Amino acid sequence: WPLSGRVVAQCALARNEQLMQSIHPGKTLILSGDKLGGLLVQSAQDEGLCNIFEQIIGFEGDEFYCCDEHGLEGLTFGQLSFHLLGAVAVGIVDCWDRFLLNPEHGRLIRRNDKIVVLAEDAKSFSMSEKPYWDYPAWQNARPPAQFQERKANDFAKARALVCNFNDRGVGHSILIALDSFLGMGSQVDIYTGLAEEECKRAIDSAQEQEGHSFRNITVKILHVPYPNMASAHELEKLPISSYDHIFFLADGPDGQSADRRSIAMILQMQSMATGNARLKFDPVVQVSSKTTIAQLEMCGVVNCVDTHLIMSRCLAMIGMNEVAHGVLSDLLGAGGNSFDIQDLRDYLAEDETIPLNLSFVEATAMVNRAAQQVLIGWSSEITSSKRCWATPAAGGTELLRQWTINPKDKLRYRPWR
């Protein structure tokens, strides 16, 4: 080192990425966290998204690997899924070492291409020149289909609340993501201990640094003296029932203090909400420990995100596996791909129905036929926890979904409901 080593660094602003690459040209791996705010915003619309992302960047589940094309030259990327057992093909590294995540399904596999897969380990999957499932026959026997999201809530006019906003962390990227996801005329209320002028300067500075001016949202700053932010007197002034999305950021001298403040605010806001407003109360919470996640789940709050742990795991993965850098740079960088949760019915042709029993390979075929997307997992057949919306006497509960990433037996049929 350093001639044979690598530099792994986190970049706060995407525009500084090229400058940081010059630290050690050709050996510097830069990871930008621009999309962490977007991940929180998507989690408000698709519950469970953060859990899926944490599964993929954890060290206990599946990871990203790179392998040679193994005689699959001439196949299209869309056909790869039906030649891979035990893994999901998510992209290609071409002969110029460019990472092409989720390329066009018609893109041909060329000699010297490498295939990026999501797998349990480097020896847990295999490739075969002969497909293990006949996708062309399946496709020819069915009408064409076009992906159409029936319950799309992106770009809808909405009102959001961002609590514990500060001049550092992911607050700025959340505002920029909200401006991208919400419809014109949306309003974002910022509940903060920062003085109004200081908060306004921080927001203006963030827009200038990112080269992004708000087009769809207007921001209203609700200043509360920092020691009083968790008081019921101040929280009662918030129109809780009018918010479509609520975000709690971790703001405090340390992680434990920040989590205690968030829990205190959430419990009081829960008690203030009644009827439909209580059922709708489903905030996204930035946390600092697993203990806090467990405590919030007991309160019925399950959209919890430890952004610091996510970034630390990403940096560790990159240090050990350069393939992870190409994938995560795309997923967490500006303008790249992203994870999403969709209803399988949105991929069906008109008058087509989902079979009562379904295999993962057939679900993959449905997605391939209808959209430029890659299916990496689906909802599990079991649910392990419940969300309680009412008092024990009322007995109101809701089952929570679990997610299976890269099911190992892709030919096994399961009930679909």
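1. Asp113 and Arg107 form a salt bridge in which the closest N and O atoms are 2.5 Å apart, where a salt bridge is a side-chain nitrogen of Lys or Arg within 4 Å of a carboxyl oxygen of Asp or Glu. Both Asp113 and Arg107 are buried, the classes being buried under 20% relative accessible area, exposed over 50% and partly exposed in between (1.4 Å probe, protein chains only).

2. The model is predicted, so that local features need pLDDT of at least 70 and side-chain atom pairs count only at pLDDT 80 or more, while totals for chains, interfaces and linings use all residues. Residues are numbered from 1 along each chain as its sequence is written, and side-chain values use heavy atoms, with hydrogens and water left out.

3. A further salt bridge joins Arg369 to Glu352, with 2.7 Å between the closest N and O atoms. Arg369 lies in helix α14 (residues 360-370) and Glu352 in the loop between α13 (322-332) and β15 (357-359), so the pair ties together parts that are 17 residues apart in sequence; helices (H or I, at least four residues) and strands (E, at least two) are DSSP runs, numbered from the N terminus. Arg369, at 10% relative accessibility, counts as buried.

4. Arg111 and Glu73 also meet through their side chains in a salt bridge (3.5 Å, N to O). Because Arg111 sits in the loop between β6 (99-101) and β7 (114-119) and Glu73 in the loop between β3 (63-68) and α4 (77-80), this pair ties together parts 38 residues apart in sequence. Arg111 is exposed, at 58% relative accessible area, whereas Glu73 is partly exposed, at 42%.

5. As for the total, the structure holds 12 salt bridges.
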